[in-house]
Every structure is written in C-alpha cells, then in structure tokens.
Amino acid sequence: MSLSEIQDSVRKAEANAHRPSGSARLIAVSKVQPIDRVEAVLDAGHRLFGENRVQEAAGKWPELKERFEGVQLHLIGPLQSNKARQAFELFDAIHSLDRGKLAKTFARLSQEVGHCPDLLIQVNTGEEPQKAGILPSDADAFIKEARGMDLPIKGLMCIPPVEEEASLHFALLAKIAERNGLSELSMGMSADFEKAISFGATYIRVGSAIFGQRVPTP
Ligand SMILES: *Cc1c(COP(=O)(O)O)cnc(C)c1O
C-alpha cells in the first residue's frame, strides 16, 4: 500500500466510527527503513514519524529535520534512563513511559531543560512478562503518581499480544484512559489500525504498510 491509500483507509475508518476526519493521526514508523523511502514519504508531505530507538533516530532525523520543515518525531520504543536526555532533545512525544524510575528521570530533566515532550504511558494490556509497560491493575496508581510529578501525561499506549484478538486490548486501554481523563490513545499498527480507530485510537503507528517490509538488520 502507499501512503495515500493508508490515509484513505484512515479517513474511511474514522467515518465508519462516526469520528471527525483527522481525529486519528497517522504516525509513519520509519525505523530500519532505507532513507530514500523515508524521503519519499516526506516529499509526499507527511510530517509525523515514529522511531523505536534513540540511537537510530539521532543518526538520521537531525539532518532530515533541517531539510523538511515541521517534522514531528515520536518515540514509540523502550527507553533506557541514560538515553532520556537525548530523547528529550529529539522527540516531540514519548509513548513508552513504563516505569517509576523513568518518570523520576523525566521530572528531573523537565526541571533542568525547562520542557518535556508529551508523554504517553505504555500499558502491558496482555500482561506479557517479556513486554514493557505498566500492568492494567497498576495503571490508575501510576497515572496519579506521574501526574503528581507534574509530567505532561497525555494518554496511553499498548502493543497487544500477537496471538490474541487485538480488540480486547484496545477496549481495555480505552477504558483505562477514559476513567483517568486521558485523551490520547496510541494503538493499532499495520495489521489492525482500522480496528484500533473503531476503538478510539488517536494515534496509529503504521510502519510496513506504508514503507514496505522492513529490511532485516544484519
Ligand atoms: C515497529 C512498530 C510499529 C509498526 O509496526 P508495523 O507492523 O510495521 O506497522 C508500531 N508500534 C511499535 C511500538 C513498533 O515498534
């Protein structure tokens, strides 16, 4: 599929869900993609991108941001505390706040540098041991704790287990967000973004459907 076909599908899914056009924003996930594919999407006018590694993003985006005006960059992958300062410089939003230690680091950095990217809390809706994120049962308390640190908590993010019906996870994430008064829902990828939109996604993270299959790194 091409970018414009994905955008059409997004608009259709919004309409089917009786949602305003533009209420689900498309994050083009450019991780591990050859630079010419990323440039083609920039040339087509798209400006919202997602990366899952700080190091990789730092290697390509400062230069691309100089050439293309208005780029917004979101971090959608796990973040080590020692890379948080660099992440603050590079990203407009971070979708992977997943532990108390990181929240404390963000609070300290906000004081030091005088700003903080928009933050989304990652919830491990499938309670998978190998996956990052706050457990659903701990989410309310964690949201409260993070807000208590004056962090700009905008919403929640999830990555459903691959082998399960994603709808259950999207519905759970939406419920936790609603009862905590959070407006942003980052959910849905190439295979299920239309479904995520029907459950209220405000950010969908789409990689391979826009760029083609990721070239495996050696
Ligand atoms: C890679 C990635 C995506 C995009 O996955 P596709 O299936 O290629 O659309 C979305 N979210 C996260 C967190 C990712 O790491």
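This report describes selected helices, loops and individual residues of one predicted model.

## Basis of the description

The model is predicted, so that local features need pLDDT of at least 70 and side-chain atom pairs count only at pLDDT 80 or more, while totals for chains, interfaces and linings use all residues. Residues are numbered from 1 along each chain as its sequence is written, and side-chain values use heavy atoms, with hydrogens and water left out.

## Helix 2 against helix 3

Helices (H or I, at least four residues) and strands (E, at least two) are DSSP runs numbered from the N terminus. The axes of helix 2 (residues 35-43) and helix 3 (residues 54-67) come within 12 Å and cross at roughly 30°; axes here are lines fitted to C-alpha atoms, for helices over the stretch in contact, and angles run from 0 to 180 degrees between N-to-C directions.

Helix 5 (residues 100-113) has 14 residues, which at 1.5 Å a residue should span 20 Å, and its end C-alpha atoms are 20 Å apart, in agreement; the expected span is 1.5 Å times one less than the number of residues. Its buried residues are Leu102, Ala103, Thr105, Phe106, Ala107, Leu109 and Ser110, where buried means under 20% relative accessible area, exposed over 50%, and partly exposed in between (1.4 Å probe, protein chains only). Helix 4 (84-90), strand 4 (93-97), strand 5 (118-122) and helix 6 (136-148) are included in what covers these buried residues.

Gln111 is also found in helix 5, but it counts as exposed because its relative accessibility is 70%. Just after helix 5, Gly114 takes a positive phi of about 80°.

For helix 7 (residues 166-179), the 14 residues should span 20 Å at 1.5 Å a residue, which agrees with end C-alpha atoms that are 20 Å apart. Ala166, Ser167, His169, Phe170, Leu173, Ile176 and Ala177 are buried in this helix, and their cover includes helix 6, strand 6 (153-157), strand 7 (184-186) and helix 8 (193-198). Just after helix 7, Gly181 has a positive phi of about 65°.

## Loop residues

Val32 lies in the loop between strand 1 (25-29) and helix 2, and it has a positive phi of about 60° although it is not a glycine. With a relative accessible area of 28%, Val32 is partly exposed. Glu127, placed in the loop between strand 5 and helix 6, is another residue other than glycine with a positive phi, here near 50°, and Glu127 is exposed, with a relative accessible area of 52%.

His46 is found in the loop between helix 2 and strand 2 (48-51), yet it is buried, with a relative accessible area of 9%. Not counting residues up to four places away in sequence, His46 touches Leu3, Gln7, Leu26, Ala28 and Val41. His46 and Pro20 are 26 residues apart in sequence and 19 Å apart in space, C-alpha to C-alpha.

## Ile27 and the cysteines

Ile27 lies in strand 1 and counts as buried at 0% relative accessibility. Leaving aside its neighbours within four places in sequence, Ile27 is in contact with Leu48, Phe49, Gly50, His74, His95, Tyr203, Ile204, Arg205 and Val206. The C-alpha atoms of Ile27 and Gly207 are separated by 8.2 Å, although these residues are 180 residues apart along the chain.

Cys116 counts as buried at 19% relative accessibility, and Cys158 counts as buried at 0%. With a disulfide taken as a pair of cysteine sulfur atoms within 2.5 Å, the count comes to zero disulfides.

Note on methods: Contact means heavy atoms within 4.5 Å.
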